[in-house]
Amino acid sequence: MKPIDGFSVFDFTADGDTRPVYFRGSGSGVILMHELPGMIPECVDLGNRIAAAGFTVFMPLLLGEANQPFSIPKTLGYAAKVCLSREFSCFAKGESSPITDWLRSLCGEVKKRCGGSGVGAIGMCLTGGFVLSLMADETAIAPVACQPSLPFPISKEHKRDLGISDTQRAKIKEKIDRGERILALRFSEDGTCPAERFVRLREEFGEGVETIEIDSSSGNPHNIPQSAHATLTVHYCDRPGHPTRQAFERILEFFRDRLRGGNP
């Protein structure tokens, strides 16, 4: 396993599948799932920011190598691998990716290690919608869906699909009725995470979901490119008043409100 400065690492096994999980910090547990480029340095930086805010961040390595810089050839290679993998449901509608079963088990491990009322989770791009699948379980109580991109938006139906089953959707609604909430982020012009998906989120979960759509239209006041996709990593700007930083600060507030009593 490749080390990351400031992080410890352990192997976690569930259902015969073993993967490394990097972690650091103290307090309530937050699972940070990297996006398609892999666990790039910008993702590691995000993990450091979460830990610095008073949480224990856990970063499972789902593909590629840890802390490996972004490159287009490797990203395209990972994309091809993901499309062929049985662990990721890239095109199927109305179902979650099988890898979320392993991630649910990891949620249980994180809660056991950190205590508290439950676990927070951030998914991004490829993993963005995974937090909905995790929310269907009792352990994940603070889900943040950043630019959820599965299933890939290849049709009108795919654009509106949330990547969860009817059973999972019903369980999420039950939790919302009990006061649980969802936070979701995207850039306004992001075609990989289409606007139709956020419309569907609001239709299904009503006041139970808070959506933040950062303006990336032509001429926007912060010069965010229309091609912007990664709200918390590649296209994140750590400048006071910048909408991506404001969105990150809202996430921290969301975690502080939803997660209580983690180990100091």
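This report walks through the sheet, the helices and some individual residues of a predicted model.

## Ground rules

Because this is a predicted model, local features need pLDDT of at least 70 and side-chain atom pairs count only at pLDDT 80 or more, while totals for chains, interfaces and linings use all residues. Residues are numbered from 1 along each chain as its sequence is written, and side-chain values use heavy atoms, with hydrogens and water left out.

Helices (H or I, at least four residues) and strands (E, at least two) are DSSP runs, numbered from the N terminus.

## The sheet

Let's start with the sheet. It is open and has 8 strands in the order E1-E2-E4-E3-E5-E6-E7-E8, with mixed pairing; two strands pair if DSSP finds at least two bridges between them. E1 and E8 are the edge strands, each pairing on one side only. From one strand to the next, the twist averages 20°, where axes are lines fitted to C-alpha atoms (for helices, over the stretch in contact) and angles run from 0 to 180 degrees between N-to-C directions.

Both senses of pairing can be seen in detail. Strand E1 (residues 8–14) and strand E2 (residues 17–25) are antiparallel, with 7 bridges, and Phe12 stands opposite Arg19 in E2. Strand E3 (residues 29–33) runs parallel to strand E5 (residues 119–124), joined by 4 bridges; here Ile31 has Ala121 of E5 as its bridge partner.

## Helices on the sheet

Helix H1 (residues 41–52) packs on the sheet, where it touches E2, E3, strand E4 (56–60) and E5. Contact means heavy atoms within 4.5 Å. The direction of H1 makes about 160° with that of E4. Helix H3 lies across E1, E2, E3, E4, E5 and strand E6 (140–146), and runs at about 125° to E1.

Within H3 (residues 99–114) sits Thr100. Is Thr100 buried or exposed? Thr100 counts as buried, because its relative accessibility is 0%; buried means under 20% relative accessible area, exposed over 50% and partly exposed in between (1.4 Å probe, protein chains only). A polar atom of the Thr100 side chain lies 2.6 Å from the backbone oxygen of Ser97. Leaving aside neighbours within four places in sequence, Thr100 is in contact with Phe130, Ser133 and Leu134.

## The buried face of H7

Helix H7 (residues 195–205) has Arg197, Phe198, Arg200, Leu201, Glu204 and Phe205 buried. Seen down the axis of H7, these buried residues fall within an arc of 155°, so they line one face of the helix. The arc is that of the directions from the helix axis to the C-beta atoms. As background, an α-helix has 3.6 residues a turn, so residues three or four places apart point the same way.

What covers the buried residues of H7? The cover includes helix H4 (130–135), helix H5 (156–160), helix H6 (166–177), strand E7 (182–187) and strand E8 (209–214). After H7 comes Gly206, with a positive phi near 50°.

## Backbone details in the loops

The hairpin of E1 and E2 has 2 residues between the strands, and there Asp15 takes a positive phi near 55°, although Asp15 is not a glycine. Asp15 is exposed, at 71% relative accessibility. Asn223, in the loop between E8 and helix H8 (243–258), is another residue other than glycine with a positive phi, near 55°. Asn223 is exposed, with a relative accessible area of 69%.

The peptide bond from Leu150 to Pro151 is cis, with omega near -5°. Pro151 belongs to the loop between E6 and H5.

## Asn67 and the cysteines

Asn67 lies in the loop between E4 and helix H2 (72–84) and counts as partly exposed, at 26% relative accessibility. Not counting residues up to four places away in sequence, Asn67 touches Lys2, Ile4, Met39, Ile40, Pro41 and Val44. From Asn67 to Arg239 the C-alpha atoms are 23 Å apart in space, and the two residues are 172 apart in sequence.

How many disulfides does the whole structure hold? A search finds 0, a disulfide being a pair of cysteine sulfur atoms within 2.5 Å. For Cys237, the closest cysteine sulfur is in Cys146, 16 Å away and therefore too far for a bond. Cys90 is buried, with a relative accessible area of 3%.

Methods:
A polar contact is a pair of N or O atoms within 3.5 Å; within protein, one must be able to donate a hydrogen and the other to accept it, and residues adjacent in sequence count only if both atoms are side-chain atoms.
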